[in-house]
Amino acid sequence: MAVLLLKLYKRWQTALLCGMRLDDPRRLGLPARCSHHPHPNFCGYKCHEEIQRTLKKMLHNSRVAAVVFEARLGCLQDRVPEETLRFISALNAMWRLSEPVLLLPRWTRGLLPYWGRFVRAWDDITQIADGLIERRLLVLEERLRRGAAAPEGAGLLTALLTSKTLPREEVYTTVTELLLGGVDTTSNTLCWALYHLSRDPRAQRLLHQEALSECPDLQEPTAHHLTRLPYLKAVVKETLRLYPVVPGNGRLVLENEVYLEDYCFPRGTQFHLCHYVTGRDEAQFRASESFLPERWLRGGARESRLPHHPYSSIPFGRGVRGCVGKRVAQLEMYLALFRIMQHYQVLPQDPEEVVEAKTRTLMIPGKPINLRFIPRA
Ligand code: HEM
C-alpha cells in the first residue's frame, strides 16, 4: 500500500501543486470584504472557525477527495452539497464519540446514547464513501465497455480498481480509511503552525524570506522548490513536535513476551507511545515548550539543539504501520504554508490569548484560534 502511494505520489505532484492556487483571497475562501471590518479592501480579519472551516474546506476539497476519490466534494462552492455537509458532520461525530467508545465499558452501550450515534456516524461515512467509489466505478466500467484506457492522470481509486491487487471490499475500506486519516490531521496542524507563526514575527519573517527567495515573483512552488525549503520543513516538524495531531501510537504484544532491560512484558501487553509527552521531554528538547523551528536546522540555534533520541518526535509513527499518507500530508502542508506566507502576513487577533491543546481522539485546539490575515503589498 505504502509503495503504491509513493509511486502515485510522483504522478499527483503536479495535480496537487496546480490544485492549490491561493493567490486570490477568494481561493483561500477569504472574503473580499470582511464581515468584521467592512473596508473596501480585504482588511485581514478572519476568525478561527472560519479559518479552520476554510482550511478544512480547502484540504477536503483540493486534496484528499481528489487524490483518493478522484472527485471534488464541492466544499468551496457557494452552496456546499448536502452530502458533503453530512459527511463532515459524521466525521466530527465519529472522532468526538470515539473517546466514550474506548473509555466506557461495553455494557453502557445499550443504555447510553453515544453508541447508537457512533454507529450512525460510521454508517453515514461508509455510505457516502461507497457512493463516491461506486460513481467512479460506473465511469470506469463505461470506459471499459467503450474499449478506452484508464483516464490520464488517474489517481489512487482508479489504480486500485483497475489493478485488481486488492479485493473490491478492501478497496472500499482502504479508500475510506485514507479519507478519514487525511481530513482533520493536516488542517489542525496548519492551524497550530499559523497560531505560532502569528505570535512569532521572527519565525514568520524567516519563513516569508525563504518563500520570497525561492519564488521571488510569487509564482507557485514546484516540486523542485519544495525539495529545498529547510525552514518551512522545520516549521512543520516543530509544529508536530508540540502538537502531534495523532497524540500516540499503540502496539499490542501479540506473539511472545518482550524483555526490555529488567522488565518483562507478557503477551497481550498494550504499549502506548505518547508523542505529546516525548516531544515535550526537556531531556530530549531543550526549551521544550517553546516553538523553535531552528532546532531542526543543521547548525541552527545551538541553545535549543540537543542530540535527541530519533524516536522522541515521530508524529507519523514508524515502520510498516506508520502513516501511509505522510508524504501527501507533508506536501500539502508545505504548499499551503508557502502560499499563505507569500500572500499574507498572519497576526493574532489577541496576542495575549493562549490556546491550549485538547484531545478529541485527535489533538485539536482547545478553543478558537483567532487570526488576522493581512495581504502583503
Ligand atoms: C499531519 C498529518 C498526519 C499525521 C501527523 C499523521 C499521523 C499518523 C500516525 C501517527 C499514524 C499511526 C502510525 C503508527 O501506528 O505507527 C497514522 C496512520 C495512518 N494515516 Fe496518517 N497522519 C497524517 C496525515 C495523513 C493523511 C493526509 C492521510 C491520507 C491521505 C493519512 C492516512 C493514514 C492511514 C490510512 C493510517 C493507517 C495506516 C495503517 O494502519 O497501516 N494520514 N497517521
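Which residues in H7 meet Tyr231, Leu232 and Val235 in H9? The close-ups below, all taken from a predicted model, begin with that contact.

**View 1. The contact of H7 with H9.** From H7 come Ala203, Leu206, Leu207 and Glu210, and they meet Tyr231, Leu232 and Val235 of H9. By class, the residues of this contact are 6 nonpolar, no polar and 1 charged. The two helices pack with their axes 8 Å apart, at an angle of about 140 degrees. Since an angle counts as roughly antiparallel only when over 145 degrees, H7 is therefore oblique to H9.

**View 2. The largest nonpolar core.** This core has 38 residues, and the members that touch the most others are Ala193, Leu194, Val235 and Leu337. Two or more residues each come from helices H6 (168-199), H7 (201-214), H9 (230-242) and H11 (326-343), and from strands E6 (344-348) and E9 (371-375). Have a look at H11 here: with 10 residues, H11 gives the most to this core.

**View 3. Leu337 and its contacts.** Leaving aside residues up to four places away in sequence, Leu337 touches Leu190, Ala193, Leu232 and Val235.

**View 4. The shell around the ligand.** Around the ligand are 23 residues, of which Gly181, Gly182, Gly317, Cys323 and Gly325 come nearest. H6 and H11 each supply at least two residues of this shell, and H6 gives the most, with 7 residues. Sorted by class, the shell holds 11 nonpolar, 9 polar and 3 charged residues.

Note on methods:
Residues numbered from 1 in each chain as written. Predicted model: local features only at pLDDT ≥ 70, side-chain atom pairs only at ≥ 80, totals over all residues. Core = buried A, V, L, I, M, F, W, Y, C linked by C-beta atoms within 7 Å. Buried ≥ 20, exposed ≤ 12 C-beta atoms within 10 Å, placed from the backbone. Helix = DSSP H or I, 4+ residues; strand = E, 2+ residues; numbered from the N terminus. Contact = placed C-beta atoms within 7 Å. Near = placed C-beta within 6 Å. Nonpolar A, V, L, I, M, F, W, Y, C, P; charged D, E, K, R; others polar. Axes fitted to C-alpha atoms, helices over the stretch in contact; angles between N-to-C directions. Parallel < 35°, antiparallel > 145°, perpendicular 65-115°, else oblique.
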